[in-house]
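Trainee: I have not looked at this structure before. Can we go through it by question and answer?

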Amino acid sequence: MSLLVVGLSHRSAPVSVLERASLSADAKTKLLHDTLAAEPATEATVLATCNRIELYADVDKFHAGVAELSTLLAQHSGVALEELTPYLYVHYEDRAVHHLFSVACGLDSMVVGEGQILGQIKDALALGQELHSAGRLINDLFQQALRVGKRAHSETGIDRAGQSLVTFGLEQLALRTPVAEWAHGKRALVIGAGSMSSLAAATLARVGVAEIAVANRTAERAERLAEILVASGTGVAAHAIPMAEVADELTRVDVVVSCTGATGLVLTADDVLAAVSWDAAGLAPAEREERGSAPDPAPRVPAGPDVAGLDTDVLARLVAAAEAGGRLADAGAARTISAPADADADGCPVGLDGRSALTGVDANSLELHGTWADQGEAAAQRQPRRSARTHTDATTVRLALLDLAMPRDIDAAVHRIPGVRLVDIESLAEASADAPMAADVDAVRGIVAQEVAAFGAAQRAAHITPTVVALRAMAAEVVAMEVARLDGRLPDLDERQRAEVTQTVRRVVDKLLHAPTVRVKQLASEPGGAGYADALRELFDLDPQTVASVSRADAADPKNDDDPGRAS
């Protein structure tokens, strides 16, 4: 076994790098094709999730394999190799097995113990099988990883150490309020109809939202998911909407969960701002629906400081935000929209670092708006900034957004809009970093260690099996030749006598081979035991082509993949 894994995850790379390095379905296919075409690799598959990209391969040269796999990851992810390299990790042989088994058990997940990773490992195996890039080692490894993950969940309480990413995200949206209480009666919009979006929709239905709208690029999949939700028995009202109606739907819902495969933003800050600004008029949801989704013309601009040169649309949006919540968030600090009596009309008390507070608002306009801010904000901005996404209290949130996509579906700038709370992969990573580790994690680590040792022993034993089979085939051939020679010397032997002689010779050969073949399998299962196969081939002068043909026939036998009792 020469298993090599090269990858990066939320533990080694910032979200911004993971987001850029994400792989599309086509990119994964091309990556595997190119990996097999590379000289060091004989089989491979790729495990790509929202917070990890890992390329697994069976290689015959370690250093060449690391160089080739790293280069291919950079090439197909679109991130330059010199930029990607500092975030890559490499595991080889038993350490690579240990890593995948830990991943399968949820020990390496952003939320410890989450079970969704098992489905993603299954998808990675299916992709390798579909493309015929997964051979004996990859098939054995990933099938065993699935079994190890299931064992960890069934034999320990690892589920108590964490939740699915969806559940954890909803808890972050609800802050200190129980999720069921927070979600009760809310309207939700789920964008996407894949596995993660389906899980999100099912979770929302289970925790008690009253209505779910599903939007997806393929309308049939959205309709199918809506039908499943209605039939789930949770009592939720669900329906599908076209993607073109998402902006309108934002004005009606309280919660949005998005997880699509889009390469660009699905929701921009302008989309969200337009939706929450519609609430500035004080309309109830039913009134908004009755009057339609198009907001009124720009709100009336009240008298105030000198606004010469300020774009009317910009000012109207700021006023709408002010009327809705009385405060405007910028760079993590809340500012009251009022004109201080002693404000310096020529200077802004807030440093913008060249970033606009709202999408589409230029820095000059916001500097002008800054003359309305109270002088206390300068002190507020000097405070350490932990997370700009957590400044809104759950009770004042008009629109809660959960972005589980990588790359992101929702513009990160929406967290600066009053009444909007955004939880995304990055903020989930921050929140889960301080989560306490349950005692069950130690039990799972013990299971992983046991399974890694068992897998390594089985693989090393399997490595010598073709040699043992070739040895026995050679012995059988010798027996056949000697029996044929005996027939020539003693042609008067009857069938019974000839069968007895043949059986006797075979028993002698089997007894002579039994002890050394059993012992060599035992020795081969130990670390460093791979050399015994070479010694056996050398001692008995076995034909390498015969051994190789046995290996190919064994790998091609479909029964080997279906046997649940295999130590794979």
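**A buried residue and a cavity**

Mentor: C50 counts as buried, because its relative accessibility is 14% and the cut-off for buried is under 20%. Keep in mind that the model is predicted.

Trainee: Which feature does UniProt place at C50?

Mentor: The label comes from the UniProt record, which is an unreviewed entry.

Trainee: Where in the fold is C50?

Mentor: Strands β2 and β3 run antiparallel and are joined by 8 bridges. They form a hairpin with 2 residues between them. C50 lies in the loop between β2 (41–49) and β3 (52–59).

Trainee: Which residues is C50 in contact with, leaving aside its neighbours within four places in sequence?

Mentor: Contact here is between heavy atoms within 4.5 Å. With those neighbours set aside, the contacts of C50 are L165, L404, M406 and I425.

Trainee: What volume does the largest cavity have?

Mentor: The whole structure was searched, and 3 cavities of 30 Å³ or more were found. For the largest cavity, the volume is about 110 Å³.

Trainee: Which of the lining residues are closest to the centre of the largest cavity?

Mentor: The lining has 6 nonpolar, 5 polar and 2 charged residues. Helix α6 (residues 116–130) gives the most, with 3 residues. Of the 13 lining residues, the closest to the centre of the largest cavity are C50, N51, E114, Q120 and L165.

Conventions:
Residues numbered from 1 in each chain as written. Predicted model: local features only at pLDDT ≥ 70, side-chain atom pairs only at ≥ 80, totals over all residues. Heavy atoms only, no water. 1 Å grid on protein atoms, 1.4 Å probe; cavity = no way out; pocket = protein on both sides within 12 Å on 5 of 7 lines; lining within 4 Å. Points joined across faces, edges and corners; volume = space filled by probe spheres on them. Helix = DSSP H or I, 4+ residues; strand = E, 2+ residues; numbered from the N terminus. Nonpolar A, V, L, I, M, F, W, Y, C, P; charged D, E, K, R; others polar. UniProt positions renumbered as here; feature names shortened; annotations may be inferred. Buried < 20%, exposed > 50% of the residue type's maximum accessible area, 1.4 Å probe, protein only. Pairing = 2+ DSSP bridges.
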